[in-house]
Amino acid sequence: MCRFFGLLLPSSWLRLIALSVFIFSLPGCAAMKSAQENSWLAPDHLEKEIERNEFPVARGEDVIGRLAVIRLEKGDTLPDIARHFSLGINAISAANPGVDVWVPEAGERILLPLNFILPDTPRKGIVVNLATKRLFQFKEDKNSLVVSTYPVGVGTKERPTPTGQMRVARKAARPTWYVPASIAEDHRKKGDLLPAQVPPGPLNPLGEYALYLSKSGYLIHGTNKPASIGLNASNGCLRLYPENVEMLFNDTPVNTPVLIVNQPYLIGQRDGVVYLEAHTPLEDSGAVELEKVYAKLKNFEKKSAAALDWKRVKEVQAEARGIPVPILEMSQGRAKGAAKIIEVEHPAALYGRPELPELKLEAWYVLAADLRDEIEALRIAAIINHQGPPIPARVLTKSNGYRVIAGPFNDMSEAKDAAKRLKIDLEIDGILIEPVKKG
C-alpha cells in the first residue's frame, strides 16, 4: 500500500539526468583521444597498489606521481574509484572522456591521473590550485622535500573561493557550523530551513575536522558530501574527503601559510623531459594564464635548442585532460624519457563506497523513479546513493520497467525527511511507501 507524498513527474528525473550530464561534461570532448590511442599511455606492468597522497620532490624537478589504469568491475562508479584513489571527480572525468560517470561498463579500463605538476609557487606550507582543484602541502624531511596532495571541492561561481596569501589561524576537531545568514536565506528559498548552528554529527557539512583560515569566513574542512570533491560546490570554503582532512589536520600546525592560486596550465620537468598539464580554465582566466605558459615554453625551447611541437601543445591545451603530457626533451640522448604508466589491481573493496542495507518488509521506503530504461534507473540510484548524508537507493525490476527505491527507513518521519532531501537536492518528487502489514 502506498501513500502519495508527492507526484512523480517525468520531468524530475529528466532534470536530474541533465544536471548530471552538465556537471560532468567538459569542453573539447570530441577532440580528446582515449588512453589507448597514446602509445606512451600504454600500461607497462601490473601492481597491487599505487601511492596517491605523499610523494618525494626531487631537486630541480616539478612532476610527482605516476599515471595508472584500472579495469572496472560491475557496480563501480567513477566517484567511488575517484575517492579510493584520492582523486576528485573532475580529474577522473576529464582523464576519461566519454565514460559514464555513474554507470560505466564493467571491464572498461580507465586512467587514474595520479601524476601531477606542482603549482608554480614557492614550495612552502599549503598551496591550493583552484583550476586543478587540488591541495599541496610541502614539508621538509631532513634534507629532502616531501609533498602531500589531496583533491578539494571549491567555491561556486556565485560564491568563489578567494585567491591570495593566508594562514591557518586555528583548528577544531568536531566543529560546530554557525550558519551564515546568506546561506540560511538561500536554503529558506528552497524550503529548507536551517538552524542557527549545526552541532557535530552526520548533518554537519564541515565534517569532523576544520582548519580556519586568516581570511574570515573561509575554512579548509571535511564534508558529509564526499561526491562533491573535485567540483565547484561549496560556499567558498575548501572541502576534502573525510579521510584526507584528518591527515591534513594532524599534519598542519597553526600559522601554516596557505597560498591559493588559479593556474590551469602547468609546465614541469622530470628526468630531462618537459611536461604540459592543461585543465579547463575558470572564467576570465584562460587567456592570461595561457600567455604566461607560452612564454615559459618558448624559454624551454630556446634552452634546449630543439623545436617544440606547437601543434601538440595546442592539442594538449584544447583537450584539457588534466594529465602531464611529455612535449619536449631538454637534452637529446640524455633524458630518461617519459615514465610509462602502470596497471593497478582492482581492490577487493573500494574505500567509502556506499553500502546498501538489506530490504525489510516492515520498513518505510520512498519511490524515487519509475522508468522503462535500466541504465537510467541505475544512474538515478547511484546519484541518490552518493548524496550526503547517504540515502540508500536501489533498482527493483517490474514487469515492464524498473523502479528506483530509496530506503529502508525506520519510520514515517525518516522517510519524509529523505523525500524532502530528494526534492531539495535533486528535484525528485518521491512517493512514500508504507510498510507491508503482517497478517
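**Aromatic rings: worked exercises**

We're working on a predicted model, where local features need pLDDT of at least 70, side-chain atom pairs count only at pLDDT 80 or more, and totals for chains, interfaces and linings use all residues. Residues are numbered from 1 along each chain as its sequence is written, and side-chain values use heavy atoms, with hydrogens and water left out.

**Exercise 1.** Classify the pair formed by Y294 and W310.

*Step 1.* Grab the cut-offs: rings of Phe, Tyr and Trp (its six-membered ring) pair if their centres lie within 6.5 Å; planes under 30 degrees apart are stacked, over 60 edge-to-face, the rest tilted.
*Step 2.* The centres sit 5.4 Å apart with planes at 70 degrees, so Y294 and W310 are edge-to-face.

**Exercise 2.** Classify the pair of Y209 and F249, and say which elements hold them.

*Step 1.* Centre to centre it's 4.9 Å, with 45 degrees between the planes: tilted.
*Step 2.* Y209 is buried at 19%, and F249 is buried at 11%.

**Exercise 3.** Which ring does K171 lie over?

*Step 1.* The test: NZ of Lys or CZ of Arg within 6 Å of the ring centre and within 35 degrees of the ring normal.
*Step 2.* K171 lies over the face of F249, 4.5 Å from the ring centre.

Technical notes: Helix = DSSP H or I, 4+ residues; strand = E, 2+ residues; numbered from the N terminus. Buried < 20%, exposed > 50% of the residue type's maximum accessible area, 1.4 Å probe, protein only.
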